[in-house]
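Work through the following exercises with the coordinates open, and try each task before reading its solution.

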Amino acid sequence: MKTNPGRFFEDYRVGETIAHAVPRTVRMGERALYHMLYPARHALHSSDQFAQSCGLPFSPLDDMVVFHVVFGKTVPEISLNAVANLGYAEGRWLSPVWPGDTIRSQSEVIGLKQNSNGKTGVVWVRTTGFNQHDEAVMSYVRWVMVKKRDIDAPAPETVIPELAASVPSDALVLPKGLDFSNYDDTLAGESHRWGDYEIGEKIDHVDRVTIEEAEHMLATRLWQNTAKVHFDATNRPDGKRLIYGGHVISMARSLSFNGLANAQMVVALNGGSHAGPCFAGDTIAAWSEVLDKAETSAPGVGALRLRLVAHRAETQAFTLKSDSGKYDSGVLLDLDYWALMPT
Amino acid sequence: MKTNPGRFFEDYRVGETIAHAVPRTVRMGERALYHMLYPARHALHSSDQFAQSCGLPFSPLDDMVVFHVVFGKTVPEISLNAVANLGYAEGRWLSPVWPGDTIRSQSEVIGLKQNSNGKTGVVWVRTTGFNQHDEAVMSYVRWVMVKKRDIDAPAPETVIPELAASVPSDALVLPKGLDFSNYDDTLAGESHRWGDYEIGEKIDHVDRVTIEEAEHMLATRLWQNTAKVHFDATNRPDGKRLIYGGHVISMARSLSFNGLANAQMVVALNGGSHAGPCFAGDTIAAWSEVLDKAETSAPGVGALRLRLVAHRAETQAFTLKSDSGKYDSGVLLDLDYWALMPT
Amino acid sequence: MKTNPGRFFEDYRVGETIAHAVPRTVRMGERALYHMLYPARHALHSSDQFAQSCGLPFSPLDDMVVFHVVFGKTVPEISLNAVANLGYAEGRWLSPVWPGDTIRSQSEVIGLKQNSNGKTGVVWVRTTGFNQHDEAVMSYVRWVMVKKRDIDAPAPETVIPELAASVPSDALVLPKGLDFSNYDDTLAGESHRWGDYEIGEKIDHVDRVTIEEAEHMLATRLWQNTAKVHFDATNRPDGKRLIYGGHVISMARSLSFNGLANAQMVVALNGGSHAGPCFAGDTIAAWSEVLDKAETSAPGVGALRLRLVAHRAETQAFTLKSDSGKYDSGVLLDLDYWALMPT
């Protein structure tokens with residue numbers, strides 16, 4: 001058989017390294033597309049001159065473009081037979097990606113646990129994206145529930161990796177040269193800076209976007225994520241396609257501009273849950289909560305730890321979980337990340 | 001409150017200058033997208049070699065890309081609480097935008113008039129787009145009807161700016177070096193030149209395009225115009241989104257290639273009315289009328305003043321207004337502009 | 001009349017050369033768009049470094065981008081009044097297209113045959129695309145059935161060109177410098193090489209994509225193919241638009257990655273039939289058959305002649321024609337091409 005059946009639970013071994021295929025050279029075309037697919041307006045990713053005023057040589061690719069490209073490459077070996085994408089941890093952006101860079105991905109299997117039903121298991125991988133100089137550009141842990149091919153295959157030894165609840169602020173990697181001393185609030189779009197945000201503060205981002213089938217398929221394909229479930233309407237009687245969770249991440253992050261316009265760069269992914277499935281026709285809204293604050297060593301640069309929640313417009317802002325701890329049915333995404341903001 | 005509520009009528013003062021946020025570096029990615037979003041075929045904006053044969057260093061960004069980028073930046077401060085986009089005047093393209101240029105916008109408030117109902121008022125602004133060298137790339141006057149936040153706020157002194165009925169032909173700014181002496185009709189697609197058009201002549205552009213939700217949202221987002229009304233289906237019971245008027249402008253201008261393939265560059269916007277709302281599912285057709293002709297100082301270059309009307313396919317070409325002066329319900333756009341054409 | 005009515009059957013003369021309008025400079029923006037519109041993952045067209053490891057200076061534009069751009073320019077003169085696109089033959093890619101190249105097209109009329117009903121005729125043209133150095137980048141023969149303007153116009157002398165059943169393997173043109181000696185299977189995504197494929201072998205490509213109106217219109221417009229039938233919903237009572245056959249070609253070729261990931265470059269188009277009309281809502285699947293194999297003079301490079309069949313998901317893979325020789329109603333495309341693969 002020459003086509004890729006994907007890996008099943010019993011195909012993974014703790015400690016093995018999987019090199020993912022199809023390296024991708026990204027350029028400014030990808031940036032233009034990101035602006036077309038999402039209401040992205042953070043100035044550092046929009047203007048070379050603004051990026052230069054922040055100490056960078058020019059505007060790097062949006063942090064989420066990097067995440068999507070690195071993630072997309074892992075799909076054929078990690079999530080083709082996945083039943084669920086369970087979580088993220090210890091994600092860090094390690095080096096900016098510049099137009100012309102070529103990205104490839106590899107994953108190390110760091111944990112395995114067969115489920116008690118014997119039909120599925122959980123696989124933990126640490127995925128790293130590299131540029132053409134073999135420098136790591138980002139790294140994150142993801143765990144997924146994967147089907148077994150053969151229910152009678154023996155269960156592997158259970159290995160559950162120890163994962164940090166969040167990336168410690170002193171482990172954040174700042175782009176070389178970043179300097180917000182001469183930051184221009186007017187060009188950035190808002191005057192609220194790091195010092196103006198308080199832990200516990202919540203922001204309803206007000207703006208909303210209704211998603212169409214064509215748009216999420218264009219976006220998902222752009223990252224060379226070709227998982228059938230996002231593209232094949234014959235999978236379901238209603239003809240809908242399950243929307244790639246990363247599409248909701250980028251949509252929510254872009255909507256958060258309204259209230260967090262100065263959260264210019266995402267530098268760490270502490271955790272995340274795709275709390276509910278998203279389909280075309282859903283109207284996405286978003287709210288944020290400030291979880292933590294930290295200083296950094298770069299001039300004028302502070303770090304804000306934020307919860308970003310995407311929800312259907314019909315659900316009230318600031319809704320999250322019921323008393324029993326289950327996500328409200330209108331919640332689509334609960335993301336925990338660190339962003340950089342001028343002090 | 002950290003999110004942007006937009007400005008209300010009583011927030012504007014005649015004479016104030018508003019700097020708009022989020023500068024944008026545009027490159028060839030944006031040009032490729034313009035060709036994907038609109039049936040744009042004017043050769044000067046399609047081929048570097050054709051542009052060089054016309055005396056330019058290479059192909060500049062489409063004039064309408066410049067308009068959309070400049071306009072998009074003004075939305076958060078000018079039209080977030082606008083009830084209607086009432087008109088344009090004195091629009092001029094002042095310098096070509098080249099790939100790699102970074103565009104920002106600012107607006108001067110030049111007129112204010114509270115409506116007699118006391119609930120809304122008209123705001124006139126002159127918006128100018130600048131490149132990274134602080135050179136103006138285009139400028140236009142726009143007036144919008146804006147809600148008052150507080151109905152009891154006192155009415156400002158009425159100031160109605162004097163606006164030219166059209167840009168005089170001797171005020172048109174031609175790109176430096178433009179020369180149509182060696183113009184190639186075959187590569188351009190049509191053999192009708194400036195001398196072949198007569199004042200009063202009307203052209204039905206024949207081609208038609210049906211608009212989908214995904215497409216107008218992609219286009220509008222590309223210009224970082226994030227006005228909720230274009231993206232949020234929960235605003236209306238039928239789930240439709242009001243289409244950005246600029247999308248109709250670009251669609252009609254592109255359709256006008258068939259009959260006006262040699263109207264290579266748009267250099268002035270004399271006026272314009274978004275005569276009716278446009279929604280997904282509408283099929284757009286267009287017709288033009290030659291309003292005026294003028295010579296220019298550039299070799300082989302003439303100017304044509306054109307009316308461009310976009311209408312739903314169900315409406316006959318050349319329909320405009322009823323005897324009472326109201327636009328026919330099938331008319332979507334009535335635009336008045338100057339274009340450059342080989343003599 | 002200033003708009004283009006298109007050519008009718010009696011307007012063509014055997015031996016005449018038609019220069020097509022609107023040259024187009026293509027850049028990396030077009031490549032990014034190709035990755036967004038199709039699930040394209042062949043590594044040589046995705047990564048500059050991978051292309052360099054194959055002896056090329058960097059990654060050329062996808063072969064199908066070249067075909068679409070060359071083809072799109074011919075529509076106004078060749079197929080505006082076409083009733084059917086009947087076939088392709090003797091297609092060859094002659095030189096890679098690099099970012100920054102400008103493409104134009106011209107067609108020579110090489111055959112004419114009026115149909116017995118006297119209302120239509122078949123026109124054969126050999127179309128060649130050129131870059132800005134007037135080097136041919138690709139060439140192919142296409143024949144279409146075209147309406148007569150005047151049924152009483154006299155029939156031309158019948159000239160039916162002799163066309164090769166397929167491009168002979170020794171006529172394939174390989175990109176200068178191509179060398180698969182250091183080919184990396186892991187980065188390419190599959191380990192099956194030229195020696196692993198047998199004549200007669202069939203592959204079901206498994207993956208599927210449901211097509212939306214917005215997507216095929218975006219793609220078709222990108223190639224400046226503005227034939228009304230693809231864009232105007234008022235043409236048909238059901239509001240559907242006939243999908244450009246080239247969209248199905250690119251979709252099927254991209255889907256064939258799964259099983260043919262190493263078929264990196266398409267170098268010849270032996271023939272092709274748009275067996276059935278495709279509409280939005282159709283879910284496209286694809287299968288391939290190995291028709292022939294040939295060695296080449298380039299190091300480590302073999303050629304595979306492949307049949308690529310696109311069909312609706314409801315139709316079984318490997319379905320083609322009934323006993324009477326008619327295509328099954330679920331078959332959309334039957335394409336015959338040569339691709340290059342590492343030995």
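This is a predicted model: local features need pLDDT of at least 70, side-chain atom pairs count only at pLDDT 80 or more; totals for chains, interfaces and linings use all residues.

**Exercise 1. Determine how many residues of chain A are in contact with how many of chain C, and how much area the two chains bury.**

**Exercise 2. Describe the polar side of the interface between chain A and chain C, and find which elements of chain A contribute to it.**

Solution. Begin with the pair counts: there are 4 salt bridges between chain A and chain C, and 21 residue pairs are in polar contact, both residues at pLDDT 80 or more. One of the salt bridges pairs C:Glu215 with A:Arg221, whose closest N and O atoms are 2.3 Å apart. Next, assign the residues of chain A that touch chain C to elements: strand 2 (24-25), helix 1 (28-37), strand 4 (102-114) and helix 5 (213-222) each give two or more residues, and helix 5 gives the most, with 6 residues. Sorted by class, this side of chain A has 15 nonpolar, 10 polar and 10 charged residues.

**Exercise 3. Decide whether A:Asp48 and B:Arg27, which meet in a salt bridge, are buried or partly exposed, and explain why the pair joins two chains.**

Solution. The side chains approach to 2.7 Å, N to O. Because B:Arg27 lies in the loop between strand 2 (24-25) and helix 1 (28-37) of chain B, while A:Asp48 belongs to helix 2 (residues 48-53) of chain A, the pair joins two chains. For the accessibility step, the cut-off for buried is under 20% relative accessible area; A:Asp48, at 5%, is therefore buried, whereas B:Arg27, at 24%, counts as partly exposed.

**Exercise 4. Examine salt bridges within a chain, taking A:Glu30 with A:Arg24 and B:Arg149 with B:Asp11.**

Solution. In the pair A:Glu30 and A:Arg24, the closest N and O atoms are 3.1 Å apart, and both residues are buried. For B:Arg149 and B:Asp11 the corresponding distance is 2.7 Å. This second pair links distant parts of the chain, 138 residues apart, with B:Arg149 in the loop between strand 6 (136-147) and helix 4 (185-188) of chain B and B:Asp11 in the segment before strand 1 (17-19). B:Asp11 has a relative accessibility of 24% and so counts as partly exposed.

How values were computed: Residues are numbered from 1 along each chain as its sequence is written. Chains are lettered from A and ligands numbered from 1 in the order in which they are written. Side-chain values use heavy atoms; hydrogens and water are left out. Contact means heavy atoms within 4.5 Å. Buried area is the accessible area (1.4 Å probe) that two parts lose on being put together, summed over both. A polar contact is a pair of N or O atoms within 3.5 Å; within protein, one must be able to donate a hydrogen and the other to accept it, and residues adjacent in sequence count only if both atoms are side-chain atoms. Helices (H or I, at least four residues) and strands (E, at least two) are DSSP runs, numbered from the N terminus. Ala, Val, Leu, Ile, Met, Phe, Trp, Tyr, Cys and Pro count as nonpolar, Asp, Glu, Lys and Arg as charged, and the others, Gly among them, as polar. Buried means under 20% relative accessible area, exposed over 50%, partly exposed in between (1.4 Å probe, protein chains only).
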